[in-house]
Amino acid sequence: MHMLEFKKLTDFPRGTLYNILCDAYSYDDRNKRFWDGNWKETGDYLYYEIVFE
């Protein structure tokens with residue numbers, strides 16, 4: 001049996017969250033056109049807040 005493993009966001013390269021969101025909502029390219037800026041901003045914010053504080 002495999003155990004669920006949790007990792008910090010900072011264990012992954014910057015942009016990972018953005019890439020996951022792009023992939024998850026790729027079924028309709030309107031999602032990326034509408035949400036792209038928000039996804040980038042949120043990913044950058046979370047990454048920098050966690051790393052530098």
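Modeller: Helices are DSSP runs of H or I with at least four residues, and strands are runs of E with at least two. In this predicted model, the protein chain has 2 helices and 0 strands. Its radius of gyration is 13 Å, whereas the globule rule gives 10 Å for 53 residues; the value is well over that figure, so the chain is more spread out than a compact globule. Along the principal axes, the C-alpha atoms fill a box of roughly 35 × 35 × 10 Å. Of the 53 residues, 15% count as buried. The accessible surface of the protein chain is about 4,900 Å², and carbon and sulfur atoms account for 56% of that surface. The chain carries 7 positive and 10 negative charges, whose mean positions lie 5 Å apart.

We may now turn to the loop. Asp-28 lies between helix H1, residues 16–24, and helix H2, residues 29–52. Is Asp-28 buried or exposed? A residue counts as buried when its relative accessible area is under 20%. The relative accessibility of Asp-28 is 18%, so Asp-28 is counted as buried. The side chain of Asp-28 also makes a polar contact of 2.5 Å with the side chain of Arg-30.

The aromatic side chains come next. The whole structure contains 3 aromatic pairs. In the pair formed by Phe-34 and Trp-35, the ring centres are 4.9 Å apart and the planes stand at 85°; planes over 60 degrees apart count as edge-to-face, so this pair is edge-to-face. As to accessibility, Phe-34 has a relative accessible area of 61% and is therefore exposed. Trp-35, by contrast, has a relative accessibility of 38% and counts as partly exposed. A further group of rings is the aromatic cluster made up of Tyr-25, Tyr-27 and Trp-39.

Between Gly-37 and Tyr-18 the separation in sequence is 19 residues, while their C-alpha atoms are 9.9 Å apart in space.

How values were computed:
Residues are numbered from 1 along each chain as its sequence is written. This is a predicted model: local features need pLDDT of at least 70, side-chain atom pairs count only at pLDDT 80 or more; totals for chains, interfaces and linings use all residues. Side-chain values use heavy atoms; hydrogens and water are left out. The radius of gyration is taken over C-alpha atoms; the globule rule is 2.2 Å times the number of residues to the power 0.38. Buried means under 20% relative accessible area, exposed over 50%, partly exposed in between (1.4 Å probe, protein chains only). Accessible areas come from the Shrake-Rupley method with a 1.4 Å probe; for residues, only the protein chains shown count as cover. Lys and Arg count as positive and Asp and Glu as negative; His and the chain ends are not counted. The place of a charge is taken as NZ of Lys, CZ of Arg, CG of Asp or CD of Glu. A polar contact is a pair of N or O atoms within 3.5 Å; within protein, one must be able to donate a hydrogen and the other to accept it, and residues adjacent in sequence count only if both atoms are side-chain atoms. Rings of Phe, Tyr and Trp (its six-membered ring) pair if their centres lie within 6.5 Å; planes under 30 degrees apart count as stacked, over 60 as edge-to-face and the rest as tilted.
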